[in-house]
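The following note reviews the model in numbered points. Please read it alongside the coordinates.

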Amino acid sequence: MNSSAKPILVIGLAVAVMALLSLYLRGSGKEVIPWREDYPAAKAEAAAGNKPMLVYFTAPWCGPCDYMKRTTWSSNNVKDSLANYIPVKVNIDNNRELAGLFGIDSIPRVFIVQPNGQVTRDYGGAMSPDEFIAWIGKP
């Protein structure tokens, strides 16, 4: 190999390593949360099982929501922290009336809703898996 090709090889290798590192840091992107998307059915399930709901407002065009999809919602530790909840994902583009009832003015937005319908906690903004687990605590 001639000496003029070495810098190109090194640059190419560096780009490949950075691309792989980027994929690793982004997470798998495969959500592991067993989301319900029918709010009335989830509310009935929560009442029947006497479990609180985790209600997550999102949209496909939301960058911070995509971050949570790739990291938080793809974490098995987060999935385990939701064992005692009924997780509900609400696309605000398709559920404007429900978003209005919750007063959604920004996303992502997460609520804890008790089986009786009382909202006990909410959080606006993206959370990493560790931040989410600390926030969710115990129902």
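1. Definitions for the core. A nonpolar core is taken here as a set of buried Ala, Val, Leu, Ile, Met, Phe, Trp, Tyr and Cys residues joined through side-chain atoms within 4.5 Å. Buried means under 20% relative accessible area, exposed over 50%, and partly exposed in between (1.4 Å probe, protein chains only).

2. Basis of the note. This is a predicted model, in which local features need pLDDT of at least 70 and side-chain atom pairs count only at pLDDT 80 or more, whereas totals for chains, interfaces and linings use all residues. Residues are numbered from 1 along each chain as its sequence is written, and side-chain values use heavy atoms, with hydrogens and water left out.

3. Overall arrangement. The protein chain has 6 helices and 4 strands; these are DSSP runs numbered from the N terminus, with helices (H or I) of at least four residues and strands (E) of at least two. In order from the N terminus, the elements run α-α-β-α-α-β-α-β-β-α. Of the 139 residues, 36% count as buried. Among contacts (heavy atoms within 4.5 Å) with a separation of 6 or more, 72% are accounted for by residues 24 or more positions apart.

4. The largest nonpolar core. This core has 35 residues, and those touching the most other members are Met53, Leu54, Val55, Phe57, Trp73 and Phe132. Two or more residues each are given by helix H2 (39–49), E1, helix H3 (63–70), strand E2 (86–91), helix H5 (96–101), E3 and H6. E1 gives the most, with 5 residues.

5. Valine 55 and phenylalanine 111. Leaving aside neighbours within four places in sequence, valine 55 is in contact with Tyr39, Val88, Val90, Arg109, Val110, Phe111 and Val113. Phenylalanine 111 lies in strand E3 and is buried, with a relative accessible area of 4%. With the same exclusion of sequence neighbours, the contacts of phenylalanine 111 include Met53, Leu54, Val55 and Phe57, as well as Phe102, Ile104, Val119, Arg121 and Asp122.

6. Helix H6. Which residues of H6 (residues 129–136) are buried? They are Pro129, Phe132, Trp135 and Ile136. These cover an arc of only 130 degrees around the axis, which puts them on the same side of H6; the arc is that of the directions from the helix axis to the C-beta atoms. On the other side of H6, Asp130 and Ala134 are exposed. The cover over the buried residues of H6 includes strand E1 (53–58), helix H4 (76–81), strand E3 (109–113) and strand E4 (119–124). Glycine 137, with a positive phi near 50 degrees, follows H6.

7. Helix H2. Tyr39, Ala42 and Ala46 are buried in H2. Their arc of only 60 degrees around the axis puts them on the same side of H2, while Pro40 and Ala48 are exposed on the other side. E1, E2 and H5 are included in what covers the buried residues of H2.

8. The largest pocket. A pocket is defined on a 1 Å grid over the protein atoms alone, as an open set of points where a 1.4 Å probe fits, with protein on both sides within 12 Å along at least five of seven lines; lining residues have an atom within 4 Å of a point. The largest pocket holds about 180 Å³ of space, where grid points are joined across faces, edges and corners and the volume is the space filled by probe spheres set on the points. Its lining consists of Glu31, Tyr56, Thr58, Ala59, Pro60, Cys62, Cys65, Asp66, Lys69, Lys89 and Asn91. E1, H3 and E2 each give two or more residues to this lining, and the largest share, 3 residues, comes from H3.

9. Backbone points to inspect. Isoleucine 107 and proline 108 are joined by a cis peptide bond, with omega about 0 degrees; proline 108 is found in the loop between H5 and E3. Asparagine 50, in the loop between H2 and E1, has a positive phi near 50 degrees although the residue is other than glycine. At 60% relative accessibility, asparagine 50 counts as exposed.
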